[in-house]
Amino acid sequence: MAKKAWHSLPEYQALRSLMENGTTSKAAIRLGLSQSAVSRSVASLEARTGTILFERDGGRLRPTNEAVRLNRRLDPLFEALDRIEGPSEPTRETLRLIAPPTYAHRFLVSHIASFLKANPRSMISLEVAPSEDVIRGILDERFDLGLTGVELSRDGVKLTPYRVSTAVCAMPHDHPLAAKEIIQPEDLHDQPLIALTHRHARRAQLDRVLSACRSVPRILAEVSTSIAAVDLVRERLGLSVISPFPIIHHGTSEIEFRRFASQIEYRNYFITPDHRPVPSIARAFMRHLRLHTPTDPFSSRP
C-alpha cells in the first residue's frame, strides 16, 4: 500500500514568507518565529519533497524553479485560508502599477477609476515609464504589476498574454484611402507617413514589408509612441501604421483606422514577478481589465 502523503502548513508558510521577503531574518519577523525555525521548516520541506528550493546568492536566498512551481500550486490553499480567517477589519490594499505612456494615458485612467469605484478600500499607485523600465521595475520589486507591448522574456518575470492585434493604418476621416476596407503596402507609396523610431522592432518589420512591395512613402516625422503618431495624424500631417490597441479606445473620433495588409502582429502582456506570489489586488485588477476592455474590430483576447 502506497504511503499516504502528508502536508505541513508551517513548512508552506515558511516557504511563502521566504520567497516574499528574500532572507530568513525578514521571513522570521513576518511570521513571528526565529530564523532557525524558518530554516528548519524549509529544510524539512526540501527533505520531504526531495527538491532543492533555495540557492544562496550573496546575502539573499534565490528560489529555484521547483520552489516557484510549488508556490504557485499553494496559491489556492492560502487564498482559501484568507477567505476563512479574513481580517477582523477591512484592510486597504495598494496596487503598485507601472505602464508605458500608450497604456497609462487615457486608457488605464478610466479602468483605474472604475476599479477603485468597485473596490473603495483599494488604492492604486501608477507609474508612467518607458517600456524597458517596466520590466526592470518588476524585477527590482518596486511594482506588483506592469503592462507592455514589448516581448522581453527575462528570468524573474512572467508575461501573461492580455491582447493580440494586427497592424492598422491611421488616417484623417476624410482621407481618400479611408474608402478602402484594407490598406495595401502599395497604397502608401509616395504618401506622407509618420513612422515610429528605429528603436521599435515593428519599424524594421514595416520597412521590410514596404521594401518588398517597392512602396516608398515620404516619412515626414518619426515618433517614439503610438499616441504621438496618432496626434500628428489628427493634425493632418500624414498617415501612420501602428498597433490599434489601446489607441482605438482613446475616443479618436477624427481618425479612421483601416486594417493594414501584412503579417505584423502585436501582443500585449501583463507582467508579474515570477519568484513571489502575485498580490490579490494585482490579480483582481487583471481580471477587471479582461472583463471590462471593450471589444474592437482589430484586437482580441489571445
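## A walk through the predicted chain

Let's start with Thr272, which is buried, with a relative accessible area of 3% (buried is under 20%, exposed is over 50%, and partly exposed is in between, using a 1.4 Å probe and protein chains only). You'll find Thr272 in strand S13, residues 265-273. Leaving out residues up to four places away in sequence, Thr272 touches Ile138, Asp144, Leu145, Gly156, Val157, Lys158, Val278 and Met286 (a contact means heavy atoms within 4.5 Å).

A quick word on what you're looking at: this is a predicted model, where local features need pLDDT of at least 70 and side-chain atom pairs count only at pLDDT 80 or more, while totals for chains, interfaces and linings use all residues. Residues are numbered from 1 along each chain as its sequence is written, and side-chain values use heavy atoms, with hydrogens and water left out.

Now step back to the whole chain. It has nine helices and 14 strands (DSSP runs numbered from the N terminus, with at least four residues of H or I for a helix and at least two of E for a strand). Its C-alpha atoms fill a box of roughly 75 × 40 × 40 Å along the principal axes. The radius of gyration is 24 Å, whereas a compact globule of 302 residues would come out near 19 Å (the radius is taken over C-alpha atoms, and the globule rule is 2.2 Å times the number of residues to the power 0.38). Buried residues make up 45% of the 302. Of the contacts between residues at least 6 apart in sequence, 77% join residues at least 24 apart.

Next, look at how some helices meet. The axes of H1 (residues 9-21) and H2 (residues 24-31) come within 8 Å and cross at roughly 125° (axes are lines fitted to C-alpha atoms, for helices over the stretch in contact, and angles run from 0 to 180 degrees between N-to-C directions). That makes H1 oblique to H2; under 35 degrees would be roughly parallel, over 145 roughly antiparallel, 65 to 115 roughly perpendicular, and the rest is oblique. On the H1 side, Gln13, Ala14, Ser17, Leu18, Glu20 and Asn21 do the meeting, and on the H2 side Thr24, Lys26, Ala27, Arg30 and Leu31. By class, the H1 and H2 contact has four nonpolar, four polar and three charged residues (Ala, Val, Leu, Ile, Met, Phe, Trp, Tyr, Cys and Pro count as nonpolar, Asp, Glu, Lys and Arg as charged, and the others, Gly among them, as polar).

Another pair is H5 (residues 101-118) and H8 (residues 226-234), whose axes come within 8 Å and cross at roughly 65°. Pro101, Thr102, His105 and Arg106 of H5 make this contact with Ser226, Ile227 and Asp231 of H8.

Finally, a few spots in the backbone. Most residues other than glycine have a negative phi, and most peptide bonds are trans. Glu141 has a phi near 65°, a positive value in a residue other than glycine. Glu141 sits in the loop between helix H6 (131-139) and strand S5 (145-148), and is partly exposed at 25% relative accessible area. Arg236 also has a positive phi, near 65°; this residue is in the loop between H8 and S11 and counts as exposed at 52% relative accessibility. And the peptide bond joining Phe245 and Pro246 is cis, with omega about 5°. Pro246 belongs to the loop between strand S11 (240-242) and strand S12 (255-260).
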